[in-house]
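Please look over the structure below before reading on; the report that follows takes up its charged side chains and its overall build.

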Amino acid sequence: MRLGVLDVGSNTVHLLVVDAHPGARPLPAHSHKAELRLAQLLDGSGAIGAEGVDKLIGVVRDALQAAEDKGVEDLLPFATSAVREASNADEVLARVRDTTGVELQVLSGAEEARLTFLAARRWFGWSAGKLLVLDIGGGSLEIAYGIDEEPDAAVSLPLGAGRLTAGRLPGDPPSPEAIRTLRRHVRTEIARTVGEFTRFGAPDHVVATSKTFKQLARIAGAARSAEGLYVQRELRRESLEAWVPRLACMTTAERAELPGVSDGRAGQLVAGALVAEAAMDLFGVENLEICPWALREGVILRRLDHMGSVHMESV
């Protein structure tokens, strides 16, 4: 069947269409995305304003049309931290439902971490052993660890690249003092959670998902996306540590000229790099591998697992 996943994230609304059936690898058929930056459209009270809601509804309608055009049989719509943490989340969800017919499922931070972990586990397989998975989104940082498909520990921290940029890194480029203050904040937040993971022992394999990690790896010399999903891409902490001060001194326009960095993400790259560097340092990670699958694939895999179990029960 042809499945569609509609991901209303903090930066982007992304429709991923795949051809899939239980027991098989989902094959991407179409991708439709729009930059919305919901995390940056919150007002002083933490609500998504009327203009932001109107933009969201318009983007959801466009995605629905794209899903219909591509013959999507089943649409899985969900929202993450920007909607989850908006003070008017219920109102926003109701307006989207009433005007588009789409019932967005709001994932908790822990659910995000677990589903992303599931995707990474399926991608790398059982031979990867104990996995530590890191994901930097627009609104939050997810960390998960385990040896099975369900992680032993999973947390979500409010350390997304878009959120931190909007709230803590004014200026272009930001001032050295703002960088130092953010660095201290990020490391304090991550350090509080390290003990929840280290008690399970050292991971056998550390992987990262998300656009932020992919761009950082590309800047540090990893293969271009055009070379395909199956090319191994890594990020070394030593390379990242060399790049962080360079990125901090660049303007957004200068960062956008770097290989693999999009105009829409260039402004958030410094905050994302500070989070990535802190996570790798505090978890003692010298080298990690980029995983092509992440939250959207995790949602698809969970749905396929459910379909498979229903089919087995009917046999």
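Is Glu-177 buried, partly exposed or exposed? In this predicted model, Glu-177 counts as partly exposed because its relative accessible area is 42%, a value that lies between the 20% limit for buried residues and the 50% limit for exposed ones.

Glu-177 forms a salt bridge with Arg-180, and the closest N and O atoms of the pair are 2.7 Å apart. Both residues belong to helix 6 (residues 176-198), where a spacing of 3 residues separates them by about one helical turn. Arg-180 is likewise partly exposed, at 45% relative accessibility.

The structure holds 22 salt bridges. In one of them, the side chains of Arg-95 and Asp-54 meet at 3.3 Å, N to O; since Arg-95 lies in helix 3 (residues 89-100) and Asp-54 in helix 1 (residues 50-69), the pair ties together parts that are 41 residues apart in sequence.

Arg-122 and Asp-305 also meet through their side chains in a salt bridge, at 2.6 Å, N to O. This pair links distant parts of the chain, with Arg-122 in helix 4 (residues 109-124) and Asp-305 in helix 12 (residues 295-314), 183 residues apart.

## Overall build

The protein chain contains 12 helices and 11 strands. Its radius of gyration is 19 Å, close to the 20 Å that the globule rule gives for 315 residues, so the chain is as compact as a globular protein of that length. Of these 315 residues, 51% count as buried.

Methods. Residues are numbered from 1 along each chain as its sequence is written. This is a predicted model: local features need pLDDT of at least 70, side-chain atom pairs count only at pLDDT 80 or more; totals for chains, interfaces and linings use all residues. Side-chain values use heavy atoms; hydrogens and water are left out. Helices (H or I, at least four residues) and strands (E, at least two) are DSSP runs, numbered from the N terminus. The radius of gyration is taken over C-alpha atoms; the globule rule is 2.2 Å times the number of residues to the power 0.38. Buried means under 20% relative accessible area, exposed over 50%, partly exposed in between (1.4 Å probe, protein chains only). A salt bridge is a side-chain nitrogen of Lys or Arg within 4 Å of a carboxyl oxygen of Asp or Glu.
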